[in-house]
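Please read this report with the structure open beside the text.

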Amino acid sequence: MSSNTQIQYNRGKWLLLLISSLCFLLLALLMILSGNSGGQAYAQSELFVIQNAKVEVLPVSIQENFQRQRIVYGRVESAKRTNVGFELSGILQRLDVSEGDTVQQGKPLATLDLSRLNARENELIAALNRAQADARLAQISLQRVSELVKAKLAPQQGLDEAKASVEAAQAFVSEVDARLESLRVEKQKSTLLAPFDAQVITQLIDQGTVVTIGEPVFTLISINRLEARFGLPENIAFGLRLGEQHQISLGKTVFTGTVQSIAKQRTLTTRTIDAVFSIDREALLPEQLTALVSGDLVNISVDLTVNKKGAWIPLSALSNGVRGLWTVLVYDGNEGKLLARTVAVEHLDAERAYVSGAIRQGEQVVVNGTHRFTPGQAVNQVEQIDALDIASISTKGL
(Lines give C-alpha, C1' and ligand atoms only; values in the text may rest on other atoms or scores of the structure.)
Protein backbone atom coordinates (compact mmCIF):
# COMPACT_ATOMS: atom_id res chain seq x y z
CA MET A 1 0.00 0.00 0.00
CA SER A 2 1.34 3.47 -0.87
CA SER A 3 1.87 6.20 1.71
CA ASN A 4 -0.96 8.39 0.21
CA THR A 5 -3.42 5.53 0.44
CA GLN A 6 -2.44 4.82 4.04
CA ILE A 7 -2.94 8.47 4.98
CA GLN A 8 -6.44 8.57 3.43
CA TYR A 9 -7.40 5.37 5.22
CA ASN A 10 -6.35 6.76 8.60
CA ARG A 11 -8.29 10.00 7.97
CA GLY A 12 -11.47 8.03 7.16
CA LYS A 13 -11.19 5.91 10.29
CA TRP A 14 -10.74 8.94 12.56
CA LEU A 15 -13.60 10.77 10.85
CA LEU A 16 -15.98 7.80 11.37
CA LEU A 17 -14.97 7.57 15.01
CA LEU A 18 -15.60 11.29 15.48
CA ILE A 19 -19.08 11.08 13.91
CA SER A 20 -20.05 8.08 16.08
CA SER A 21 -18.96 9.88 19.24
CA LEU A 22 -20.95 12.99 18.37
CA CYS A 23 -24.08 10.90 17.72
CA PHE A 24 -23.70 9.13 21.05
CA LEU A 25 -23.32 12.42 22.91
CA LEU A 26 -26.40 13.91 21.19
CA LEU A 27 -28.47 10.81 22.05
CA ALA A 28 -27.41 10.96 25.71
CA LEU A 29 -28.26 14.66 25.86
CA LEU A 30 -31.74 14.04 24.43
CA MET A 31 -32.41 11.27 26.96
CA ILE A 32 -31.35 13.50 29.84
CA LEU A 33 -33.53 16.35 28.66
CA SER A 34 -36.50 14.00 28.11
CA GLY A 35 -36.13 12.50 31.60
CA ASN A 36 -36.06 15.91 33.23
CA SER A 37 -39.17 16.98 31.34
CA GLY A 38 -41.08 13.81 32.37
CA GLY A 39 -40.00 14.23 35.98
CA GLN A 40 -41.22 17.83 35.95
CA ALA A 41 -44.55 16.76 34.41
CA TYR A 42 -44.97 13.95 36.97
CA ALA A 43 -44.13 16.32 39.82
CA GLN A 44 -46.61 18.88 38.52
CA SER A 45 -49.28 16.16 38.21
CA GLU A 46 -48.60 14.93 41.77
CA LEU A 47 -48.70 18.50 43.00
CA PHE A 48 -52.08 18.97 41.29
CA VAL A 49 -53.57 15.83 42.81
CA ILE A 50 -52.43 16.63 46.32
CA GLN A 51 -53.46 20.28 46.29
CA ASN A 52 -56.75 20.14 44.39
CA ALA A 53 -58.19 16.66 44.96
CA LYS A 54 -61.79 16.49 46.21
CA VAL A 55 -62.56 13.30 48.15
CA GLU A 56 -66.09 11.90 48.39
CA VAL A 57 -66.59 9.50 51.29
CA LEU A 58 -69.38 7.24 52.52
CA PRO A 59 -69.76 6.16 56.19
CA VAL A 60 -69.54 2.38 56.63
CA SER A 61 -72.61 0.64 58.04
CA ILE A 62 -71.73 -2.85 59.34
CA GLN A 63 -74.46 -5.51 59.26
CA GLU A 64 -74.58 -9.14 60.39
CA ASN A 65 -75.87 -10.62 57.12
CA PHE A 66 -77.01 -9.69 53.66
CA GLN A 67 -79.61 -10.73 51.11
CA ARG A 68 -78.62 -11.89 47.69
CA GLN A 69 -80.79 -12.96 44.80
CA ARG A 70 -80.47 -16.50 43.54
CA ILE A 71 -81.88 -17.77 40.27
CA VAL A 72 -83.48 -21.20 40.64
CA TYR A 73 -84.57 -23.23 37.63
CA GLY A 74 -87.61 -25.46 37.51
CA ARG A 75 -89.90 -27.18 35.03
CA VAL A 76 -93.43 -26.55 33.83
CA GLU A 77 -95.67 -29.55 34.36
CA SER A 78 -99.28 -30.38 33.70
CA ALA A 79 -101.38 -30.44 36.86
CA LYS A 80 -102.78 -33.79 35.68
CA ARG A 81 -100.85 -36.46 33.83
CA THR A 82 -102.09 -40.01 33.51
CA ASN A 83 -101.73 -43.25 31.57
CA VAL A 84 -105.21 -44.48 30.64
CA GLY A 85 -106.14 -48.08 29.86
CA PHE A 86 -109.08 -50.50 29.83
CA GLU A 87 -110.50 -52.20 32.91
CA LEU A 88 -111.05 -55.31 30.75
CA SER A 89 -108.88 -57.44 28.54
CA GLY A 90 -109.55 -57.87 24.85
CA ILE A 91 -108.52 -57.01 21.32
CA LEU A 92 -108.03 -53.30 20.57
CA GLN A 93 -110.46 -52.86 17.68
CA ARG A 94 -110.47 -49.10 17.05
CA LEU A 95 -108.44 -46.00 17.93
CA ASP A 96 -110.46 -42.78 17.84
CA VAL A 97 -107.63 -40.27 18.51
CA SER A 98 -103.98 -39.78 17.62
CA GLU A 99 -100.98 -38.25 19.34
CA GLY A 100 -101.31 -34.49 19.66
CA ASP A 101 -105.12 -34.48 19.56
CA THR A 102 -107.02 -32.41 22.10
CA VAL A 103 -110.01 -34.17 23.66
CA GLN A 104 -112.84 -33.14 25.92
CA GLN A 105 -113.83 -35.04 29.05
CA GLY A 106 -115.92 -38.11 28.15
CA LYS A 107 -114.81 -38.32 24.53
CA PRO A 108 -114.14 -41.92 23.27
CA LEU A 109 -110.45 -42.66 22.81
CA ALA A 110 -110.44 -46.34 21.82
CA THR A 111 -112.74 -49.41 21.70
CA LEU A 112 -112.26 -53.13 22.28
CA ASP A 113 -113.72 -55.89 20.11
CA LEU A 114 -117.35 -56.43 21.29
CA SER A 115 -118.16 -59.68 19.44
CA ARG A 116 -117.90 -61.89 22.53
CA LEU A 117 -119.88 -59.47 24.70
CA ASN A 118 -122.61 -59.08 22.06
CA ALA A 119 -123.04 -62.85 21.92
CA ARG A 120 -123.31 -63.08 25.70
CA GLU A 121 -125.81 -60.23 25.68
CA ASN A 122 -128.05 -62.07 23.20
CA GLU A 123 -127.80 -65.19 25.34
CA LEU A 124 -128.80 -63.36 28.49
CA ILE A 125 -131.68 -61.58 26.74
CA ALA A 126 -133.07 -64.97 25.72
CA ALA A 127 -132.63 -66.30 29.27
CA LEU A 128 -134.40 -63.22 30.64
CA ASN A 129 -137.34 -63.74 28.30
CA ARG A 130 -137.64 -67.35 29.42
CA ALA A 131 -137.43 -66.39 33.08
CA GLN A 132 -140.11 -63.75 32.64
CA ALA A 133 -142.36 -66.32 30.92
CA ASP A 134 -141.84 -68.80 33.76
CA ALA A 135 -142.68 -66.05 36.25
CA ARG A 136 -145.92 -65.24 34.44
CA LEU A 137 -146.88 -68.94 34.37
CA ALA A 138 -146.17 -69.27 38.09
CA GLN A 139 -148.34 -66.23 38.80
CA ILE A 140 -151.24 -67.73 36.82
CA SER A 141 -150.87 -71.04 38.68
CA LEU A 142 -150.92 -69.17 42.00
CA GLN A 143 -154.22 -67.49 41.12
CA ARG A 144 -155.86 -70.78 40.20
CA VAL A 145 -154.67 -72.61 43.32
CA SER A 146 -155.80 -69.67 45.44
CA GLU A 147 -159.33 -69.92 44.01
CA LEU A 148 -159.41 -73.69 44.61
CA VAL A 149 -158.29 -73.26 48.20
CA LYS A 150 -161.01 -70.67 48.79
CA ALA A 151 -163.56 -73.17 47.44
CA LYS A 152 -161.97 -75.80 49.66
CA LEU A 153 -161.23 -77.91 46.62
CA ALA A 154 -157.45 -77.90 47.20
CA PRO A 155 -155.34 -78.18 50.30
CA GLN A 156 -153.51 -75.23 51.83
CA GLN A 157 -150.19 -76.87 51.02
CA GLY A 158 -150.83 -76.46 47.31
CA LEU A 159 -151.28 -72.70 47.82
CA ASP A 160 -147.98 -72.45 49.69
CA GLU A 161 -146.18 -74.34 46.93
CA ALA A 162 -147.67 -72.05 44.27
CA LYS A 163 -146.49 -68.94 46.16
CA ALA A 164 -142.98 -70.36 46.48
CA SER A 165 -142.92 -71.08 42.75
CA VAL A 166 -143.84 -67.46 41.99
CA GLU A 167 -141.10 -66.12 44.29
CA ALA A 168 -138.51 -68.47 42.73
CA ALA A 169 -139.50 -67.42 39.22
CA GLN A 170 -139.28 -63.72 40.10
CA ALA A 171 -135.89 -64.24 41.76
CA PHE A 172 -134.59 -65.93 38.62
CA VAL A 173 -135.84 -63.02 36.55
CA SER A 174 -133.95 -60.59 38.82
CA GLU A 175 -130.82 -62.73 38.59
CA VAL A 176 -130.82 -62.81 34.80
CA ASP A 177 -131.60 -59.10 34.66
CA ALA A 178 -128.62 -58.35 36.96
CA ARG A 179 -126.32 -60.49 34.83
CA LEU A 180 -127.50 -58.60 31.76
CA GLU A 181 -126.88 -55.25 33.45
CA SER A 182 -123.37 -56.37 34.43
CA LEU A 183 -122.70 -57.30 30.83
CA ARG A 184 -123.83 -53.90 29.64
CA VAL A 185 -121.43 -52.26 32.11
CA GLU A 186 -118.64 -54.39 30.60
CA LYS A 187 -119.65 -53.16 27.16
CA GLN A 188 -119.44 -49.57 28.39
CA LYS A 189 -116.01 -50.28 29.87
CA SER A 190 -114.93 -51.60 26.48
CA THR A 191 -114.91 -47.99 25.27
CA LEU A 192 -112.06 -45.92 26.73
CA LEU A 193 -113.19 -42.37 27.61
CA ALA A 194 -111.14 -39.24 28.37
CA PRO A 195 -111.20 -38.68 32.17
CA PHE A 196 -110.70 -34.89 31.79
CA ASP A 197 -110.06 -32.22 29.18
CA ALA A 198 -106.65 -33.26 27.91
CA GLN A 199 -104.16 -33.61 25.12
CA VAL A 200 -102.96 -36.99 23.88
CA ILE A 201 -99.19 -37.05 24.37
CA THR A 202 -98.29 -40.66 23.61
CA GLN A 203 -100.00 -43.65 21.99
CA LEU A 204 -98.60 -46.78 23.61
CA ILE A 205 -100.48 -49.59 21.83
CA ASP A 206 -101.50 -50.12 18.19
CA GLN A 207 -104.79 -51.34 16.78
CA GLY A 208 -105.24 -55.13 16.85
CA THR A 209 -103.15 -55.67 20.00
CA VAL A 210 -104.53 -57.93 22.74
CA VAL A 211 -104.51 -55.72 25.82
CA THR A 212 -104.59 -56.85 29.41
CA ILE A 213 -106.47 -55.31 32.31
CA GLY A 214 -105.01 -51.91 33.20
CA GLU A 215 -102.44 -51.89 30.39
CA PRO A 216 -101.85 -48.23 29.34
CA VAL A 217 -103.04 -47.26 25.87
CA PHE A 218 -102.54 -43.45 25.90
CA THR A 219 -100.69 -40.86 27.98
CA LEU A 220 -102.80 -37.75 28.64
CA ILE A 221 -101.98 -34.38 30.19
CA SER A 222 -104.38 -31.70 31.32
CA ILE A 223 -104.68 -28.68 29.02
CA ASN A 224 -106.42 -26.40 31.51
CA ARG A 225 -104.00 -26.39 34.44
CA LEU A 226 -100.23 -25.97 34.46
CA GLU A 227 -97.78 -26.00 37.35
CA ALA A 228 -94.14 -25.01 37.84
CA ARG A 229 -92.03 -27.22 40.10
CA PHE A 230 -88.82 -25.88 41.69
CA GLY A 231 -86.25 -27.57 43.91
CA LEU A 232 -85.43 -24.95 46.56
CA PRO A 233 -83.00 -24.83 49.49
CA GLU A 234 -84.66 -25.60 52.81
CA ASN A 235 -84.46 -22.09 54.26
CA ILE A 236 -86.09 -20.63 51.14
CA ALA A 237 -88.74 -23.31 50.61
CA PHE A 238 -90.00 -23.20 54.19
CA GLY A 239 -89.97 -19.41 54.07
CA LEU A 240 -92.68 -19.44 51.40
CA ARG A 241 -96.36 -19.16 52.28
CA LEU A 242 -99.23 -20.90 50.52
CA GLY A 243 -101.06 -18.46 48.28
CA GLU A 244 -98.07 -16.12 47.79
CA GLN A 245 -97.52 -14.87 44.26
CA HIS A 246 -94.09 -14.75 42.61
CA GLN A 247 -92.80 -13.76 39.19
CA ILE A 248 -91.73 -16.71 37.03
CA SER A 249 -89.64 -16.19 33.88
CA LEU A 250 -89.48 -18.15 30.65
CA GLY A 251 -86.86 -16.35 28.56
CA LYS A 252 -88.25 -12.84 28.13
CA THR A 253 -91.76 -13.95 29.08
CA VAL A 254 -92.73 -13.19 32.69
CA PHE A 255 -95.91 -14.43 34.34
CA THR A 256 -97.30 -14.92 37.85
CA GLY A 257 -97.24 -18.17 39.81
CA THR A 258 -99.03 -18.89 43.11
CA VAL A 259 -97.48 -21.12 45.78
CA GLN A 260 -99.67 -24.22 45.79
CA SER A 261 -97.72 -26.74 47.87
CA ILE A 262 -94.41 -27.23 49.67
CA ALA A 263 -93.14 -30.77 50.08
CA LYS A 264 -92.26 -32.03 53.56
CA GLN A 265 -89.44 -34.24 52.32
CA ARG A 266 -86.19 -33.81 50.43
CA THR A 267 -85.52 -34.92 46.89
CA LEU A 268 -83.00 -37.74 47.12
CA THR A 269 -80.87 -36.63 44.16
CA THR A 270 -80.64 -32.87 44.80
CA ARG A 271 -81.41 -32.72 48.56
CA THR A 272 -83.78 -29.85 47.91
CA ILE A 273 -87.41 -29.22 48.83
CA ASP A 274 -89.96 -29.26 45.99
CA ALA A 275 -92.23 -26.21 45.82
CA VAL A 276 -95.10 -26.23 43.32
CA PHE A 277 -96.48 -22.99 41.85
CA SER A 278 -99.84 -23.03 40.10
CA ILE A 279 -100.19 -21.07 36.86
CA ASP A 280 -103.51 -19.48 35.96
CA ARG A 281 -103.89 -19.95 32.20
CA GLU A 282 -106.75 -17.46 32.08
CA ALA A 283 -104.44 -14.73 33.41
CA LEU A 284 -101.86 -15.27 30.66
CA LEU A 285 -101.68 -13.14 27.55
CA PRO A 286 -102.24 -14.95 24.23
CA GLU A 287 -98.54 -14.83 23.35
CA GLN A 288 -97.64 -16.14 26.82
CA LEU A 289 -100.18 -18.93 26.52
CA THR A 290 -98.67 -19.95 23.19
CA ALA A 291 -95.10 -19.91 24.51
CA LEU A 292 -95.81 -21.87 27.71
CA VAL A 293 -96.09 -25.65 27.40
CA SER A 294 -95.46 -28.59 29.68
CA GLY A 295 -91.77 -29.44 29.93
CA ASP A 296 -90.47 -25.86 29.57
CA LEU A 297 -87.59 -24.74 31.80
CA VAL A 298 -88.48 -21.66 33.83
CA ASN A 299 -86.70 -19.75 36.58
CA ILE A 300 -87.59 -17.80 39.65
CA SER A 301 -85.57 -15.25 41.62
CA VAL A 302 -85.47 -15.86 45.37
CA ASP A 303 -83.76 -13.98 48.20
CA LEU A 304 -81.09 -15.95 50.05
CA THR A 305 -79.85 -14.78 53.46
CA VAL A 306 -76.06 -15.09 53.90
CA ASN A 307 -74.82 -14.85 57.48
CA LYS A 308 -71.61 -12.86 56.91
CA LYS A 309 -70.65 -9.69 58.77
CA GLY A 310 -69.76 -6.85 56.43
CA ALA A 311 -70.96 -3.72 54.66
CA TRP A 312 -72.18 -2.51 51.27
CA ILE A 313 -69.92 -0.11 49.39
CA PRO A 314 -69.94 1.22 45.78
CA LEU A 315 -68.03 -0.78 43.20
CA SER A 316 -65.95 2.30 42.42
CA ALA A 317 -64.47 2.19 45.94
CA LEU A 318 -62.61 -1.05 45.23
CA SER A 319 -59.00 -1.34 44.06
CA ASN A 320 -57.06 -4.47 43.22
CA GLY A 321 -55.22 -6.02 46.15
CA VAL A 322 -53.05 -9.11 46.54
CA ARG A 323 -53.89 -12.81 46.84
CA GLY A 324 -57.45 -12.37 45.61
CA LEU A 325 -58.25 -9.60 48.11
CA TRP A 326 -59.24 -5.98 47.46
CA THR A 327 -58.23 -2.63 48.87
CA VAL A 328 -60.34 0.35 49.92
CA LEU A 329 -59.21 3.76 51.11
CA VAL A 330 -60.70 5.27 54.26
CA TYR A 331 -60.39 8.85 55.44
CA ASP A 332 -58.87 9.37 58.89
CA GLY A 333 -60.36 12.64 60.11
CA ASN A 334 -57.95 12.97 63.02
CA GLU A 335 -54.84 13.02 60.85
CA GLY A 336 -56.48 14.24 57.62
CA LYS A 337 -54.98 11.36 55.66
CA LEU A 338 -56.13 8.40 53.61
CA LEU A 339 -55.48 4.91 54.97
CA ALA A 340 -55.67 1.56 53.16
CA ARG A 341 -57.90 -1.31 54.30
CA THR A 342 -57.84 -4.87 52.92
CA VAL A 343 -61.27 -6.43 52.32
CA ALA A 344 -62.79 -9.55 50.77
CA VAL A 345 -65.67 -9.24 48.32
CA GLU A 346 -68.52 -11.54 49.37
CA HIS A 347 -71.08 -10.51 46.75
CA LEU A 348 -71.42 -8.20 43.77
CA ASP A 349 -74.42 -6.71 42.08
CA ALA A 350 -74.77 -4.13 39.34
CA GLU A 351 -73.86 -1.11 41.47
CA ARG A 352 -72.32 -2.20 44.77
CA ALA A 353 -70.30 -4.84 46.59
CA TYR A 354 -70.72 -6.47 49.97
CA VAL A 355 -67.29 -6.65 51.63
CA SER A 356 -65.90 -8.04 54.84
CA GLY A 357 -62.53 -7.56 56.49
CA ALA A 358 -60.60 -4.72 58.08
CA ILE A 359 -63.28 -2.06 58.07
CA ARG A 360 -65.15 -0.77 61.11
CA GLN A 361 -68.51 0.81 61.79
CA GLY A 362 -68.55 4.49 60.89
CA GLU A 363 -65.28 4.58 58.92
CA GLN A 364 -65.46 6.83 55.87
CA VAL A 365 -64.68 4.97 52.66
CA VAL A 366 -63.49 6.84 49.58
CA VAL A 367 -66.14 6.08 46.97
CA ASN A 368 -64.52 7.10 43.67
CA GLY A 369 -61.30 8.18 42.03
CA THR A 370 -59.22 5.79 44.13
CA HIS A 371 -56.69 5.51 41.27
CA ARG A 372 -55.73 9.16 41.92
CA PHE A 373 -54.91 8.65 45.61
CA THR A 374 -52.29 6.77 47.58
CA PRO A 375 -52.28 5.51 51.18
CA GLY A 376 -50.91 8.16 53.57
CA GLN A 377 -51.83 11.04 51.25
CA ALA A 378 -53.08 14.18 53.00
CA VAL A 379 -56.37 15.65 51.76
CA ASN A 380 -58.29 18.70 52.83
CA GLN A 381 -61.43 18.67 50.65
CA VAL A 382 -63.70 15.90 51.99
CA GLU A 383 -67.40 15.63 51.17
CA GLN A 384 -69.65 13.05 52.82
CA ILE A 385 -72.41 11.63 50.62
CA ASP A 386 -75.58 9.65 51.29
CA ALA A 387 -75.80 5.89 50.73
CA LEU A 388 -78.77 6.52 48.42
CA ASP A 389 -76.39 8.03 45.89
CA ILE A 390 -74.52 4.76 45.30
CA ALA A 391 -76.01 4.27 41.82
CA SER A 392 -74.74 7.60 40.54
CA ILE A 393 -71.40 7.11 42.31
CA SER A 394 -70.77 3.74 40.67
CA THR A 395 -71.63 5.04 37.25
CA LYS A 396 -69.37 8.07 37.64
CA GLY A 397 -66.54 6.03 39.14
CA LEU A 398 -66.52 3.58 36.26
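Two residues are in contact when they have heavy atoms within 4.5 Å of each other. With that meaning in hand, one can say that, in this predicted model, residues 24 or more positions apart account for 73% of the contacts in the protein with a separation of 6 or more. The protein has 398 residues, of which 31% count as buried, and its secondary structure consists of 6 helices and 22 strands.

**The nonpolar cores**

Which residues touch the most other members of the largest nonpolar core? This core has 24 residues, and the ones in question are F230, L232, F255, F277, L292 and V298. Several elements each supply at least two residues of this core, namely strand 2 (66–78), strand 11 (226–232), helix 4 (234–237), strand 12 (245–250), strand 13 (253–266), strand 14 (273–279) and strand 15 (297–306). Apart from this core lies another, made of 18 residues, among them L92, V97, V103 and L109.

V76 lies in strand 2, and V76 counts as buried because its relative accessibility is 1%, where buried means under 20%. Beyond the residues within four places in sequence, V76 is in contact with L226, E227, A228, L292, V293, S294, G295, D296 and V298.

**A pair of helices**

Two packed helices are described by the angle between their axes and the distance between the axes. The axes of helix 2 (residues 115–150) and helix 3 (residues 156–189) come within 8 Å and cross at roughly 160°, which means that helix 2 is roughly antiparallel to helix 3. The crossing of helix 2 and helix 3 is left-handed. Sorted by class, the residues in the contact of helix 2 with helix 3 are 20 nonpolar, 9 polar and 10 charged.

| Pair | Separation in sequence | C-alpha to C-alpha distance |
|---|---|---|
| Q361 and V60 | 301 residues | 5.5 Å |
| V76 and E227 | 151 residues | 5.6 Å |
| Q199 and V103 | 96 residues | 6.1 Å |
| G376 and L338 | 38 residues | 5.2 Å |

Q361 is placed in the loop between strand 20 (352–357) and strand 21 (364–366), and Q361 is exposed, with a relative accessible area of 54%. Once neighbours within four places in sequence are set aside, the contacts of Q361 are with V60, S61 and I62.

Q199 belongs to strand 8 (residues 198–203) and is partly exposed, with a relative accessible area of 27%. Not counting residues up to four places away in sequence, Q199 touches G100, D101, T102, T219, L220, I221 and I223.

G376 is found in the loop between strand 21 and strand 22 (382–384), where G376 is partly exposed, with a relative accessible area of 40%. Leaving aside neighbours within four places in sequence, G376 is in contact with K337 and L338.

**Two further residues**

Is H347 buried or exposed? H347 has its place in strand 19 (residues 337–348), and H347 counts as buried because its relative accessibility is 17%, while the limit for buried is under 20%. Apart from residues up to four places away in sequence, H347 touches F66, R68, W312, R352, A353 and Y354.

The last residue concerns the backbone. Most residues other than glycine have a negative phi. R271, although it is not a glycine, has a positive phi of about 60°. R271 is found in the loop between strand 13 and strand 14, and R271 is partly exposed, with a relative accessible area of 48%.

Conventions. Residues numbered from 1 in each chain as written. Predicted model: local features only at pLDDT ≥ 70, side-chain atom pairs only at ≥ 80, totals over all residues. Heavy atoms only, no water. Core = buried A, V, L, I, M, F, W, Y, C linked by side-chain atoms within 4.5 Å. Buried < 20%, exposed > 50% of the residue type's maximum accessible area, 1.4 Å probe, protein only. Helix = DSSP H or I, 4+ residues; strand = E, 2+ residues; numbered from the N terminus. Axes fitted to C-alpha atoms, helices over the stretch in contact; angles between N-to-C directions. Parallel < 35°, antiparallel > 145°, perpendicular 65-115°, else oblique. Left-handed = near helix turned anticlockwise from the far one by under 90°. Nonpolar A, V, L, I, M, F, W, Y, C, P; charged D, E, K, R; others polar.
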